[in-house]
Amino acid sequence: MSLHQQKQQFEATKTIYDSATLLFKNVDGFDVYNISIPFERDGKRYLFGRVERREEWARSWVRLFEETGQDEWTLVENSMIYTLEDPYISEIGDELVLGGTHVQYQSGKYSTYFGYFYRGTDLHDLYYFTTGPNKMKDIRLVALADGRIGVFSRPRGHEVKGQYGSESMIGFTVIDKLEDLTADVIENAPYIHGIFGAGEWGGVNQAYLLSSGNIGIIGHICYSHQEESGQEIKVYMNMSFIFDPVTRESHDLHLIGSRSCYPPGPAKAPYLTDCVFSAGIVMREDGKADLYSGVGDCQAGRITIDYPFAPYGSIV
């Protein structure tokens, strides 16, 4: 079954308990999208968000927002301004690690991009400490049960497509400590095979250590599609799968969200009308999960779904 057919089947049978578009305050004139998962620090709830004008590309900042109401987030004034896109966080020991994509320009023109990483125990004073490989997004970290750190990579390009058929792959390796996180280590992470089909791409957005010892993955999976109008669109969907860090086997990949699960809204461009870019899940007191995503590259949303890793244990 093609990914397009899987999407149609999912949308015909999906169960979404609640949905909302997030409201961001004190950022008038800017969109906030492609957020990190919400997290707690010092008794408050925060997230990082990509802040960008609707009409601009690759000219964004990552800012910190504090929860000030139901699905309402307010800019933390005087907080650090990161020249990044698409933020994500990991909690490693007592440190918070913030990652994001840094776009570089030469002579006023786009040149390339890298993943930048910041770390620290003080949310308001994180230190830049390492850089990912050239032109690699979606690098993610997860604290493992033995104290080491799992690292997911996301190589993408013509070389990958020529060798594997899919436009991207996901790699995984293990490091002992954050000081070992280097571009070379990430670049050489062995691939996990069998995740993406021909013409598909995607990556890990948030990784969770489960009580079974497996890693639960919230990610995105994508394909190109031509609509009846002739408009070619990029379809981005929320997905999850299970990864065993010992056997390096992945299984139970399934869709958990698509654009139709979220409230109607605009898109940054016509080819992004069917796009949701996963942030991750946050567990609720009722046992269900809130799944957060960027929507249409101009908004952020939340949907409530069944816990996607239920047969494989709880989040540690």
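Asp297 sits in the loop that links strand E21 (289-295) and strand E22 (299-305); strands here, like helices, are DSSP runs numbered from the N terminus, with at least two residues (E) for a strand and at least four (H or I) for a helix. This is a predicted model, where local features need pLDDT of at least 70 and side-chain atom pairs count only at pLDDT 80 or more, while totals for chains, interfaces and linings use all residues. Residues are numbered from 1 along each chain as its sequence is written, and side-chain values use heavy atoms, with hydrogens and water left out.

Asp86 is found in strand E8.

So how buried are these residues? Buried means under 20% relative accessible area, exposed means over 50%, and partly exposed is in between (1.4 Å probe, protein chains only).

| Residue | Relative accessible area |
|---|---|
| Asp86 | 10% |
| Asp297 | 12% |
| Tyr46 | 5% |

Two strands pair if DSSP finds at least two bridges between them. E10 (residues 109-120) meets E11 through 4 antiparallel bridges. Tyr116 has Thr131 in E11 as its bridge partner.

There's another open sheet of 4 strands, ordered E12-E13-E14-E15 and also antiparallel in its pairing. E12 (140-143) and E15 (191-192) are its edge strands, each with a single partner, so one side of each has no neighbour in the sheet. Inside it, E13 (residues 149-153) and E14 (residues 170-175) run antiparallel and are joined by 5 bridges. Gly150 has Val174 of E14 as its bridge partner.

What does Tyr46 touch, leaving aside residues up to four places away in sequence? Tyr46, which lies in strand E5 (residues 44-52), has contacts (heavy atoms within 4.5 Å) that include Phe39, Arg41, Phe65, Trp73 and His124. Cys275 is 229 residues away from Tyr46 in sequence and 24 Å away in space, C-alpha to C-alpha.
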